[in-house]
Structure formats: C-alpha cells, structure tokens
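Hi,

Here is the structure I promised to pass on.

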Amino acid sequence: MIDTIFIEQDVLDHERTKTVVSKFPKSRRIIISRYQEVFNKRTQNFRLQKKQPALILASKHKNFVLPAPAGFGIGTKKNFYFSHMYNCLYDCRYCFLQGMYSSANYVLFVNYEDFYSQIETTISDNAKGRITFFSGYDCDSLAFEKISGFLKNTLPVFSGLERADLELRTKSVQLEPLLSMEPQQNCIVAFSLMPEELAKKLDNKAPSISRRIAALTRLAERGWPIGLRFDPLIYSYDWKEKYERLVGSLLEALPNESIHSISYGPLRFPKKMYSEIFKLYPDEDLFSFSMKEADGIVSYGNGIEKEMSDFLLGQLSGVVSSEKIFQCLSQT
Ligand code: SF4
C-alpha cells in the first residue's frame, strides 16, 4: 500500500521509525532533512498523489497541542486538539484537508511522547474544570492504527488523567486496540455519520455506514463511551427520510446509556478552501447545490442549516437527553 517512505534524518534511528518501516519491507526509502521539503513543495497535484500517497516519517517540533476552533466542543469549556498525523487513508469529497494541504502524502510524527508531555502541561496550565482533547482533526484517529500504533500508546496515557477526556474521531471499523483493552470512560469513540446513500457517494474509501454502525455496536457492548457525529449535515433530495432512517438505525442499535454525546454541524467552508476543493471536483454533486457566501464562509445558508438542525433535534428529542447534544459551528 505504501511504496515510498521519506524519513527525516533525525528520526532515522527512532524505534517507532524502525517499526513502521519494517511493515513495508519492499518500500523505497528516501532520507530527507525536514518533512516540509517534501510536503509543502509547490506544484504538487493532490488528486494525483492521492492515488498512491507516500509516507513521511518526521518529528514535530512545536504546536503539539492547540486550542480547538471556537464553536467546537462536546460540553467542556476548554477544548484542545492535537495532530500526530496529517492526511488520511480515506478520500471524502468534502474533506477540508484537500483544501488545506497541497500534498496528499501522509505525514506521521513519531515523537508521540512530546505530544503526551504537552497534553500534561496543558492540563496543569488549565487547573480548573474538565478539558477535552480532540484527536483526528487532521487525520482519522483509528484508520492508520495498524501502522502507527498511536492509540495503543496514547490510551494508557489518558487512563491516568482525571480531568481530561479524549475524543477519537473516526470512520474506521479497525477496532484494535479498543476491543482488546479495558474501556476507558474518558475516551470517547466518535463516529462521523451520514445517510448510507450519501456516504456511498461522498465518503470515498471509507467503510459503509452499516459497517460503522456494526463497529459502534461492538464498541458499545464492550463498554466504550460512544460519540455520534453528524458533521457535516448534507443536504440532498429526500434528506429528511434519509436522516430519519439513519437516526432510527443508530438508536435501535445502541443502548441509550452507551451514548456519551451527539454533535452536529452544517457544511461550511472558508471561501478560499471552498474554491480549492471546487477546483478539484467541479462536477461533484455536492457542489451542484447553489451555496451561499457570507462573511468569507460558503454554506447552504441559515435557512437550510436551521431546517436541518431542527429536524435532527426533532428525531433525537425524547430519546437522547438534550444535555448530550451539541451543535458544532466551527468552519472546517
Ligand atoms: S475521514 Fe475525515 S480526515 Fe479522512 S478523508 Fe474523510 S473527512 Fe477527511
């Protein structure tokens, strides 16, 4: 699956580098000085690269933990995110990464311990109240696990943290190490969801919605707190019926007490990012709907956003406590 690995000189002897490289014995290896020389190179073609991305093994030097964008959260006042990886195995049409990076290559930062120490510092710097850390902002939290082993290393770190929650955002049905570890009540496995018909068109290379629901069910049975993420809400013909069916299947499959939180958010892009993504897929159905621009943000507009949010809340009303439901208004 990966035929070229770029390796920063500084991490050449890192144990994690050796482990990852050993999984691709036939790969071509190229030593580089810093990952940016490959990743940030101009005149790269994201679409072409996405067909066969290379892997870049690097060390992150700063910005290990960053404040989450305003409007992003699941109940705690303080929210942070971290990205041990840039880019994703999947290829969702609305993914903001393709508008943000010029390269589709995967960057994996192997110095996980520096993330952990910054997480601990962030907790001590914010002495009061609970804090949520979001993983899976610039990648999928679980999809690369067999190669990265990131969760296997990270979950034990959070098991000792009393005031901190970790959200693992994913579309992956790759459930190890979650199934073989004891569930942790401060680690929420949050699946991104949309109606099956739309996911088939838009969530390229990602597992189908029925497989995601089956995975959620297994995790709930095992005792992991579950997050349901309807973000972005996608407008289409018959959207009400599609979302009604989706919510119905989820509520039927999951015991209410296993649901930690539900969040939902509109499809929104900063104007420049929208233009970048539109250039990649001018004929994509997703962009055939006339979008509106206001204050530099491209969206369906307030009327449709409200109609969709109200409809979803109506479906959940009386079944899931409103205290577990959050609107996410950050722009991707
Ligand atoms: S799963 Fe998330 S990060 Fe991966 S391509 Fe889809 S939207 Fe992007």
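Before the helix pairs, a word on how their angles are defined: axes are lines fitted to C-alpha atoms, for helices over the stretch in contact, and the angles run from 0 to 180 degrees between N-to-C directions. Also keep in mind that this is a predicted model.

With that in hand, take helix H5 (residues 112-125) and helix H7 (residues 150-159), which pack at an angle of about 25°, their axes being 11 Å apart. Angles under 35 degrees count as roughly parallel, so H5 is roughly parallel to H7. As for handedness, H5 and H7 make a right-handed crossing.

There's another pair to look at further along the chain. Helix H9 (residues 209-222) packs with helix H10 (residues 239-253), again at about 25°, and here the axes are 10 Å apart. H9 and H10 are therefore roughly parallel to each other. The way H9 passes H10 is a right-handed crossing.

Which residues are around the ligand? They are Cys 88, Tyr 90, Asp 91, Cys 92, Cys 95, Leu 97 and Lys 171. Sorted by type, that shell has five nonpolar residues, two charged ones and no polar ones. As for the space the ligand takes up, that is the largest cavity.

Last, some backbone details to check when you click through the model:

- Glu 176 to Pro 177: this peptide bond is cis, with omega near 10°. Pro 177 sits in the loop between strand S10 (164-170) and strand S11 (187-192).
- Asp 231 to Pro 232: this peptide bond is cis too, with omega near 10°. Pro 232, though, is found in a strand, S13 (residues 226-233).
- Thr 43: its phi is positive, about 60°, although Thr 43 is not a glycine. You'll find Thr 43 in the loop between helix H2 (36-39) and helix H3 (46-51).

That's what I have for now.

Cheers

Conventions:
Residues are numbered from 1 along each chain as its sequence is written. This is a predicted model: local features need pLDDT of at least 70, side-chain atom pairs count only at pLDDT 80 or more; totals for chains, interfaces and linings use all residues. Side-chain values use heavy atoms; hydrogens and water are left out. A residue is near a molecule or strand if one of its heavy atoms lies within 4 Å of it. On a 1 Å grid over the protein atoms alone, a cavity is a set of points where a 1.4 Å probe fits but cannot get out, and a pocket is an open set with protein on both sides within 12 Å along at least five of seven lines; lining residues have an atom within 4 Å of a point. A molecule sits in a cavity or pocket if more than half of its atoms lie within 2 Å of its grid points. Ala, Val, Leu, Ile, Met, Phe, Trp, Tyr, Cys and Pro count as nonpolar, Asp, Glu, Lys and Arg as charged, and the others, Gly among them, as polar. Helices (H or I, at least four residues) and strands (E, at least two) are DSSP runs, numbered from the N terminus. Angles under 35 degrees count as roughly parallel, over 145 as roughly antiparallel, 65 to 115 as roughly perpendicular and the rest as oblique. A crossing is left-handed if the near helix is turned anticlockwise from the far one by less than a right angle, and right-handed if clockwise.
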